[in-house]
Amino acid sequence: MAIRRKQRALERSTWQLIAFRFSKNRLAMAGVIVLALMILAILLAPLYMPYDEMIRQDVFNKLQPPSAQHLLGTDELGRDLLARVLYGGRISLFGGMVTIAIAFVAGCIIGGAAGYFGGKVDTVLMRIIDMLMAIPPVLLAMAILTALGNGLFNLIISLAISQIPRFARVVRSAVLTLRGLEYVDAARCYGCSSLKIILRHILPNGIGPIVVSATLTLGQIILSISSMGFLGLGVASPTPEWGTIISENKLNLRYCPYLGLAPGICICLAVMAVNFIGDGLRDAFDPKTKN
């Protein structure tokens with residue numbers, strides 16, 4: 001019992017040290033603040049921006065510049081651009097988070113099993129991963145999405161499958177490094193099951209690179225969702241999404257540049273904030289990598 005208490009105290013102190021290092025990174029904290037403000041603005045949008053403003057068409061007030069009535073102006077159908085950007089962020093931002101969560105869980109299962117059991121299990125799983133990695137992630141996602149058809153659910157599934165190889169490789173590397181250490185052998189002797197050893201002892205001690213990879217990949221997923229929307233794949237108009245908003249207004253960008261600036265700035269801010277957070281986590285987990 002005393003050994004367990006000491007181990008828990010050591011784990012708490014380790015996480016406290018990581019949090020302290022992260023809090024000292026100004027860019028990372030700026031990223032946290034920007035991302036938190038964007039999430040709050042999107043989640044609380046129904047309180048100050050009715051949903052009807054996003055879908056209500058007013059052709060007599062189309063392509064209006066920013067004003068007190070419409071802070072970001074209106075599009076070619078007279079819909080309020082601010083409302084469409086706010087509600088579109090639910091797909092661009094939260095869709096990316098759900099995609100990363102699915103790829104993260106699947107990658108941990110595949111990479112953890114391959115690294116821990118080794119042998120034929122490792123060979124079979126890694127050959128499947130190698131076949132997926134032979135195709136660029138964006139092309140793989142587009143191929144899967146074309147086969148499944150358009151839609152938010154299919155978009156998330158296709159992007160998640162394209163990112164599973166990355167997480168599987170990172171998790172497998174961490175498991176291979178940790179599976180031969182003394183505390184893992186002690187857990188086996190104590191009678192712990194393989195699943196408990198992987199989830200309780202190996203993954204928590206190798207979670208650093210996995211979390212950093214997930215955070216940095218989130219920025220790529222946000223860009224991919226917007227790119228798919230701009231190309232007409234995944235989420236189709238009139239459903240708002242940052243890439244879709246730019247696509248449906250591309251013919252008017254020359255004369256009304258604000259139509260592309262608002263969603264474009266949101267994409268840039270979200271990606272930069274996530275990348276800053278990822279860099280901060282990398283430095284917090286492994287200070288030696290800090291330049």
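Let's start with how the chain folds back on itself: of the contacts in the chain with a separation of 6 or more, 71% are between residues 24 or more positions apart, where contact means heavy atoms within 4.5 Å. The model is predicted, so local features need pLDDT of at least 70 and side-chain atom pairs count only at pLDDT 80 or more, while totals for chains, interfaces and linings use all residues. Residues are numbered from 1 along each chain as its sequence is written, and side-chain values use heavy atoms, with hydrogens and water left out.

The chain has 13 helices and 0 strands; helices (H or I, at least four residues) and strands (E, at least two) are DSSP runs, numbered from the N terminus. Along its principal axes, the C-alpha trace spans about 75 × 45 × 35 Å. Of the 291 residues in the chain, 43% are buried. Here buried means under 20% relative accessible area, exposed means over 50%, and partly exposed lies in between, with a 1.4 Å probe and protein chains only.

Now for the interior. In soluble globular proteins, nonpolar side chains tend to be buried together. A nonpolar core is a set of buried Ala, Val, Leu, Ile, Met, Phe, Trp, Tyr and Cys residues joined through side-chain atoms within 4.5 Å. The largest one here has 47 residues, and those with the most contacts inside it are Leu 81, Val 85, Leu 155, Leu 159, Ile 222 and Trp 242. Helix H13, residues 258–285, gives the most to this core, with 12 residues. Apart from this core lies another of 14 residues, with Tyr 116, Val 171, Val 175 and Val 184 among them.

Next, the aromatic rings. A search of the whole structure finds 3 aromatic pairs. Rings of Phe, Tyr and Trp (its six-membered ring) pair if their centres lie within 6.5 Å; planes under 30 degrees apart count as stacked, over 60 as edge-to-face and the rest as tilted. Since Phe 104 lies in helix H5 (residues 81–117) and Phe 167 in helix H8 (residues 152–178), the pair ties together parts that are 63 residues apart in sequence. Phe 104 is partly exposed at 22% relative accessibility, whereas Phe 167 is buried at 1%. Tyr 116 and Phe 117 also pair edge-to-face, with centres 5.2 Å apart and planes at 85°. Tyr 116 is buried at 10% relative accessibility, and Phe 117 is partly exposed at 48%.

Charged side chains come next. The structure holds 9 salt bridges, each being a side-chain nitrogen of Lys or Arg within 4 Å of a carboxyl oxygen of Asp or Glu. Take Arg 79: its side chain meets that of Asp 75 in a salt bridge (2.9 Å, N to O), and both residues are buried. Arg 79 also forms a salt bridge with Glu 248, with the closest N and O atoms 3.6 Å apart. That pair links distant parts of the chain, since Arg 79 is in the loop between helix H4 (52–55) and H5 and Glu 248 is in helix H12 (residues 242–248), 169 residues apart. Glu 248 is buried at 15% relative accessibility.

Elsewhere, Asp 122 and Arg 172 meet in a salt bridge (2.8 Å, N to O). Asp 122 lies in helix H6 (residues 119–133) and Arg 172 in helix H8, so this pair ties together parts that are 50 residues apart in sequence. Returning to Arg 79, salt bridges that share partners join Asp 75, Arg 79, Arg 84 and Glu 248 into one network.

Finally, the cysteines. There are 0 disulfides in the structure, a disulfide being a pair of cysteine sulfur atoms within 2.5 Å. For Cys 256, the nearest cysteine sulfur is that of Cys 266, 18 Å away. The sulfur of Cys 266 is 9.4 Å from the closest cysteine sulfur, in Cys 268, which is too far for a bond. Cys 256 is buried, with a relative accessible area of 10%, and Cys 266 is buried at 18%.
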